[in-house]
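Hello,

Here is the structure we discussed. Please open it alongside this note; the findings follow below.

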Amino acid sequence: MADNKVEKFKTALKDAKVPVLVLDKKWYVLRQRAGTTPEINKLEEELKNLLKRQAKINNEINAIKKLKKDLMSDIVSNMDDGAEDRDAKASDKKLVDNKRLIEESNDKIDSYEDELLELPREIDRVNKELMLKTMELCYDCLSENTDDIEKIADWIKEIRIELKKKVIKKQEMEIANSDFYGFMHDIFGHEAMNLFDMKYEPKIRINETKN
């Protein structure tokens with residue numbers, strides 16, 4: 001049943017453009033209300049690490065490109081200046097070192113760029129998995145809340161029926177008390193009625209005999 005539910009979610013969200021959940025404030029509000037699971041926590045951490053790795057690689061590439069630019073400028077500067085007033089061997093060694101560093105920089109950039117091509121796909125995969133687990137949790141919360149709402153609605157309906165019965169019974173007893181009081185007043189008189197400790201004084205109309 002759970003697998004079938006997940007497959008329905010996948011089908012419904014196949015073409016949906018879902019933001020990266022850990023960057024969406026509304027997702028955190030939703031998770032706070034729905035709660036979480038060990039799976040969701042694990043996926044959240046994995047997604048954060050992937051995003052951190054992506055940001056770190058971009059920074060590394062920018063830093064390497066800057067270093068490469070400086071190395072290229074240094075090579076060009078040395079070529080323009082020539083070897084006058086300088087140690088030719090030291091200059092040649094520096095040129096070799098710069099070229100080596102440039103090649104290493106190119107290799108690192110290529111390696112990072114290959115990883116950058118893969119990272120978005122991995123981020124998307126983990127994000128969709130996190131989305132499905134979040135939806136599954138929210139679906140369970142909605143289902144549970146709906147069941148409770150229906151139970152409460154039934155309880156309210158029963159209470160209303162019971163309340164109406166109680167109101168009718170109360171009215172009937174008030175009428176009965178009023179009748180008792182009226183008849184007793186007519187038969188035994190006002191002084192006799194004062195002997196009764198009446199916590200509830202019924203509202204009655206006493207028929208007075210006009211002489």
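The structure holds one aromatic pair. For the terms: rings of Phe, Tyr and Trp (its six-membered ring) pair if their centres lie within 6.5 Å, and planes under 30 degrees apart are stacked, over 60 edge-to-face, the rest tilted.

This is a predicted model: local features need pLDDT of at least 70, side-chain atom pairs count only at pLDDT 80 or more, and totals for chains, interfaces and linings use all residues. Residues are numbered from 1 along each chain as its sequence is written, and side-chain values use heavy atoms, with hydrogens and water left out.

Trp-27 is buried, at 4% relative accessible area. Tyr-28 is partly exposed, at 26%. (Buried is under 20% relative accessible area, exposed over 50%, partly exposed in between, with a 1.4 Å probe and protein chains only.)

Leaving aside neighbours within four places in sequence, Glu-44 is in contact (heavy atoms within 4.5 Å) with Val-22, Trp-27, Tyr-28, Arg-31 and Leu-130. Glu-44 lies in helix α3, residues 38-81. (Helices are DSSP runs of H or I, at least four residues, numbered from the N terminus.) Glu-44 counts as buried because its relative accessibility is 8%.

Elsewhere, Ile-159 sits in helix α4, residues 88-188. Ile-159 is partly exposed, at 39% relative accessibility.

Best wishes

Conventions: Helix = DSSP H or I, 4+ residues; strand = E, 2+ residues; numbered from the N terminus.
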